[in-house]
Amino acid sequence: MLEELITKGRRVYCLYRVSTLGQVEKDDIPMQKEACWEFVRQHPGWEIVKEFSEKGVSGFKVSAKDRDAIQEIQRDALQNKFDILLVFMFDRLGRREDETPFVVEWFVKNGIEVWSAKEGQQRFDTHVDKLLNYIRYWQASGESIKTSVRTKTRMEQMTQEGHFTGGGVPFGYRLEHKGRTNKQNQDVGDLVVDPDEAEIVKLIFQKYLCEGYGAQRLCRYLAEQGITNRKGRNIPTTSINRIIKNPIYTGVIRNGDSQSEALPELQIIDAETYERAQQMMEKRVT
């Protein structure tokens, strides 16, 4: 039987996955690929016929039914296009305890062997095999939850400390490197006031509060004055409303439910002016 399989050849599909773009930058996928190719070289008769790479795809947050790679691999399994599904570690298939164990079992029931270059073959010959399969993804799910909690907590702490934690840089500011680094020892930018944009922010608040300009009128006025956004385009009403609502202009950095104290070096509009603008906006809406 073994000689027959070697002669026939075993067709291998490889799946590589990283959850974050940071892992992409650290070349995690090439590392997974190298490990899988080395594993295949140790198994005579195995041949990699197709590879799939998922970049920035969470195995915990994204369901298998929403992952194009998993869906294509399952379709090919039903068409008998390969014999073995190989991953670096089993959690590359997913980390959802209510789903991933059954995805793995689905492949095995449909004649596909599921292997990990680091953990061996996942079998379902006994009830113990099924239990171990479930426990593996129950643990992976728990690790994902703990990682998410740690990340959320650290982001909240950084916000409270007055650090910018990512996303679009608000109009009126720019990023400047001041020596702060992340876990990968990469430079991380901090917000500083952009003097030219800050003057436009002040103009928007002045026209809104003192001259009764609404967002549409402000949009027209700024266009007539040749005042544009960073891309050289007219500033739309949505951006104007977003500016008026954003507490960052009082020097307060906010992320979700967390916020910093008012940072004088980031203040463009005083707190009283900001509150008056919020009250006026509320009256306009009602």
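The model is predicted, and local features need pLDDT of at least 70, side-chain atom pairs count only at pLDDT 80 or more, and totals for chains, interfaces and linings use all residues. Residues are numbered from 1 along each chain as its sequence is written, and side-chain values use heavy atoms, with hydrogens and water left out.

**Aromatic pairs**

A search of the whole structure gives 9 aromatic pairs, where rings of Phe, Tyr and Trp (its six-membered ring) pair if their centres lie within 6.5 Å, and planes under 30 degrees apart count as stacked, over 60 as edge-to-face and the rest as tilted. Two of these pairs are set out below.

| Pair | Centre to centre | Angle between planes | Class |
|---|---|---|---|
| Tyr13 and Phe52 | 5.5 Å | 50° | tilted |
| Phe39 and Trp115 | 5.9 Å | 50° | tilted |

The pair of Tyr13, in strand 1 (residues 10-18), and Phe52, in strand 2 (residues 46-55), links distant parts of the chain, 39 residues apart. Helices (H or I, at least four residues) and strands (E, at least two) are DSSP runs, numbered from the N terminus. Tyr13 is buried at a relative accessible area of 4%, and Phe52 is buried at 7%, given that buried means under 20% relative accessible area, exposed over 50%, and partly exposed in between (1.4 Å probe, protein chains only). Together with Phe82, Tyr13 and Phe52 form one aromatic cluster.

Phe39 lies in helix 3 (residues 28-41) and Trp115 in strand 4 (residues 113-116), so their pair ties together parts that are 76 residues apart in sequence. Both Phe39 and Trp115 are buried.

**Charges over rings**

A charge is taken to sit over a ring if NZ of Lys or CZ of Arg is within 6 Å of the ring centre and within 35 degrees of the ring normal. Lys207, which belongs to helix 7 (residues 195-210), lies over the face of Tyr221 at 4.4 Å from the ring centre. With a relative accessibility of 10%, Lys207 counts as buried, and, not counting residues up to four places away in sequence, Lys207 touches Gly212, Tyr213, Leu218 and Tyr221; contact means heavy atoms within 4.5 Å. Tyr213 in turn has the charged end of Arg217 over its ring, 3.8 Å from the centre.

Glu105, in helix 5 (residues 100-109), is buried at 13% relative accessibility. Leaving aside neighbours within four places in sequence, Glu105 is in contact with Phe124 and Lys130.

Asn80 is found in the loop between helix 4 (68-78) and strand 3 (84-87), and has a positive phi of about 55° although it is not a glycine. Asn80 is exposed, with a relative accessible area of 51%. Gly111, in the loop between helix 5 and strand 4, is exposed at 57%; the C-alpha atoms of Gly111 and Ala77 are separated by 8.0 Å, while the two residues are 34 residues apart along the chain.

**The second largest pocket**

On a 1 Å grid over the protein atoms alone, a pocket is an open set of points where a 1.4 Å probe fits, with protein on both sides within 12 Å along at least five of seven lines, and lining residues have an atom within 4 Å of a point. The second largest pocket has a volume of about 410 Å³, a volume being the space filled by probe spheres set on the points, which are joined across faces, edges and corners. Of its 14 lining residues, Val169, Pro170, Phe171, Ser239 and Arg242 are the closest to the centre of the second largest pocket.
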